[in-house]
Amino acid sequence: MKSVIGSNTTVYVGAIYEKMTSGSSTTITKYDQAGGQRIALRVNGVVRCGWRPIISAARR
């Protein structure tokens, strides 16, 4: 799916990937999933948020 609002264009691939372009700047966001649940959010390759209870349970 593609969304255009003003000079911002965002392309979505399912619920796991989005690419937003504004002028010459591009931001890629990926949502890591396990068992159908989000476990992490990556922005331009950098983990920005981890859902700790799920990650902790996976390490056990």
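**A close look, starting from one pair of residues**

Reply: Let's start with Ser3, whose bridge partner in E2 is Thr10. Before going on, keep in mind that this is a predicted model, where local features need pLDDT of at least 70 and side-chain atom pairs count only at pLDDT 80 or more, while totals for chains, interfaces and linings use all residues. Residues are numbered from 1 along each chain as its sequence is written, and side-chain values use heavy atoms, with hydrogens and water left out.

Now back to our pair. Strand E1 covers residues 2–5 and strand E2 covers residues 8–13, and the two run antiparallel, joined by 4 bridges. Two strands count as paired if DSSP finds at least two bridges between them. Strands (E, at least two residues) and helices (H or I, at least four) are DSSP runs, numbered from the N terminus. E1 and E2 make a hairpin with 2 residues between them, and in that turn Gly6 has a positive phi of about 60 degrees.

So what does Thr10 touch, once residues up to four places away in sequence are left out? Thr10 touches Met1, Lys2 and Ser3, and also Glu18, Lys19 and Met20. Contact here means heavy atoms within 4.5 Å. The cut-offs are under 20% relative accessible area for buried, over 50% for exposed and partly exposed in between (1.4 Å probe, protein chains only).

One of those partners, Met20, takes us onward. Met20 is found in strand E3 and counts as partly exposed, because its relative accessibility is 35%. Leaving out residues up to four places away, Met20 touches Thr9 and Thr10, plus Ser25, Thr26 and Thr27.

Next comes strand E4, residues 25–34, where Thr29 is found. Thr29 is buried, because its relative accessible area is 8%. Its contacts, setting aside neighbours within four places in sequence, are Ile16, Tyr17, Glu18, Leu41, Arg42 and Val43.

Asp32 is in strand E4 too, and is partly exposed, because its relative accessible area is 21%. E4 and E5 run antiparallel and are joined by 6 bridges, with Asp32 standing opposite Ala40 in E5. This hairpin has 2 residues between its strands, and Gly35 takes a positive phi near 60 degrees. Beyond its neighbours within four places, Asp32 is in contact with Gln37, Arg38, Ile39, Ala40 and Arg42. With Arg42, the side chains are joined by a polar contact of 2.5 Å. A polar contact is a pair of N or O atoms within 3.5 Å; within protein, one must be able to donate a hydrogen and the other to accept it, and residues adjacent in sequence count only if both atoms are side-chain atoms.

Moving along, Asn44 is found in the loop between strand E5 (37–43) and strand E6 (46–50). Most residues other than glycine have a negative phi. Asn44, though not a glycine, has a positive phi of about 50 degrees. Asn44 is partly exposed, because its relative accessible area is 48%.

Finally, let's zoom out. The protein has 1 helix and 6 strands, in the order β-β-β-β-β-β-α along the sequence. Buried residues make up 10% of its 60 residues. How far can you trust the picture? Mean pLDDT is 83, and 82% of the residues reach 70 or more; pLDDT is the predictor's confidence in each residue, from 0 to 100. Confidence is highest in strand E3 (residues 17–22), at a mean of 95, and lowest in helix H1 (residues 52–59), at 49. Over residues 54–60, pLDDT stays under 50, and the model has 5 contacts beyond four places in sequence for them.
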